[in-house]
Amino acid sequence: MKKNLLLILSFCLCITSVAQTEDVAADSLPWPQDLRVKVDSALMTPLLQTSQLGLMIYDLTADSVLYTSGHRQTLRPASTMKLVTAVTALDQLPADYQLKTSLYYTGSIRGGTLYGNLCCVGGMDPMFGMADLNYFVNQVRHQGIDTIRGRLLPDLTFKDNDLLGEGWCWDDDNPILTPLLFDGKDDFMERFECELKRDGVVIFNTDAPRSRSSKFICARGHTVDDVLQQMMKDSDNLYAESLFYQLAANDGTRPAKAKQSANVVKRMIQKVALRPGDYRIADGSGLSLYNYVSAELETRLLRYIWKRPKLFERLYDSLPIAAVDGTLKKRMLNGYAAGNVHAKTGSVSGISSLAGYCTAANGHEICFSIINQGIMHMADGRDLQDQLCEIMCK
């Protein structure tokens, strides 16, 4: 009898010990049960009775899924498409890659006169501005040129002739997709000619003898990280498209085409163990009505880059920060999400989205994607995203 009582007592102590161990383990996890209850409650909103939701929350520290809802639905991402472009560019383009604009001349220079043409070769650099243009003018003068008996010629062979993206709305505020950009606009040649003349260079705009060879004068460029800052913080569509076309150019395609850039993104999708055929990649900015991705895809890409610290640091540094800067400057101003959430926003007619990172109260790092499609009022989508972020951070 005593032996049986001892066995029962030992068994009870063992159960208690296991229960305590499970409690400790549960405390070390990011409160998955509590999270599920809170997210379930947030998703009871009437908003989701008339719209679709793609949601995935992933614990990077524990390497486990915390919550999903419609995470495999293919939805239009709006500007969270820029995350797809950014992750692909960071992974595929060399660390020293630059978006370049170059200047060459043909013919010969004699007595201060260029008997030939100045050739401006565009590389679709959206950051080329006044300082760069002044540098070009100074370098022309450094060659001893004060007269041009020829023309200023644009070289637009970097990309195809499409000036707008596939599936862009005609009445939207669309950027012009040209390889030669000045301050983001399609007036490079006019501005260059104006500045040369302002500096005293006489341009006759006459036909010069044809030449198969050209001589390099100078080039100006900006890095991927330079482009990422405005592309992500301010959600700049031109910057995103410029980076998108670099994917095809770096892959050896001339002229670069959107379809070839999309193929590079599809290879990235394969890298995160998803099927490229399940998604539609039309552009790099999210302006297109033809883009279709999922919350799962965006989350897997966020996880992929997080596992590569050097690449992750570059992406993380470019993301808007809640209540601090970029497109999140005026959102999540109070509470646990403020200064914590680093994420890319997205907003086009009928779509509101948010994808990025945050840190939970227990120190676990989280990545997430929220895509809400079919909404009538953007504020409703943003409010839901902010509420979910507060839950993840608290």
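This is a predicted model: local features need pLDDT of at least 70, side-chain atom pairs count only at pLDDT 80 or more; totals for chains, interfaces and linings use all residues.
A residue counts as buried when its relative accessible area is under 20%. By that cut-off Asp 160, at 14%, is buried.

**Helix H4**
- Helix H4 spans residues 130–142 and reaches 18 Å from its first C-alpha to its last, close to the 18 Å expected for its 13 residues.
- Its buried residues are Asp 132, Leu 133, Phe 136, Val 137, Gln 139 and Val 140. They cover an arc of only 160° around the axis, which places them on the same side of H4.
- These buried residues pack against strands E3 (98–105), E6 (118–121) and E10 (215–223), and against helix H5 (188–198).
- Ala 131 and His 142 are exposed, on the face turned away from the buried side.
- Gly 144 follows H4 and has a positive phi, near 85°.

**Salt bridges**
- Asp 207 and Arg 151 meet through their side chains at 3.0 Å, N to O. Asp 207 lies in the loop between strands E9 and E10 and Arg 151 in the loop between strands E7 and E8, so the pair ties together parts that are 56 residues apart in sequence. Asp 207 is exposed at 68% relative accessibility, whereas Arg 151 is partly exposed at 31%.
- Lys 159 pairs with Asp 160, their closest N and O atoms being 3.0 Å apart. Lys 159 is buried, with a relative accessible area of 2%.
- Glu 195 and Arg 198 form a salt bridge of 3.4 Å, N to O. Both lie in helix H5, three residues apart, about one turn of the helix. Glu 195 is buried at 10%, while Arg 198 is exposed at 61%.
- A network of salt bridges links Arg 72, Glu 296 and Arg 300.

Terms used
Residues are numbered from 1 along each chain as its sequence is written. Side-chain values use heavy atoms; hydrogens and water are left out. Helices (H or I, at least four residues) and strands (E, at least two) are DSSP runs, numbered from the N terminus. The expected span of a helix is 1.5 Å times one less than its number of residues. Buried means under 20% relative accessible area, exposed over 50%, partly exposed in between (1.4 Å probe, protein chains only). The arc is that of the directions from the helix axis to the C-beta atoms. Contact means heavy atoms within 4.5 Å. A salt bridge is a side-chain nitrogen of Lys or Arg within 4 Å of a carboxyl oxygen of Asp or Glu.
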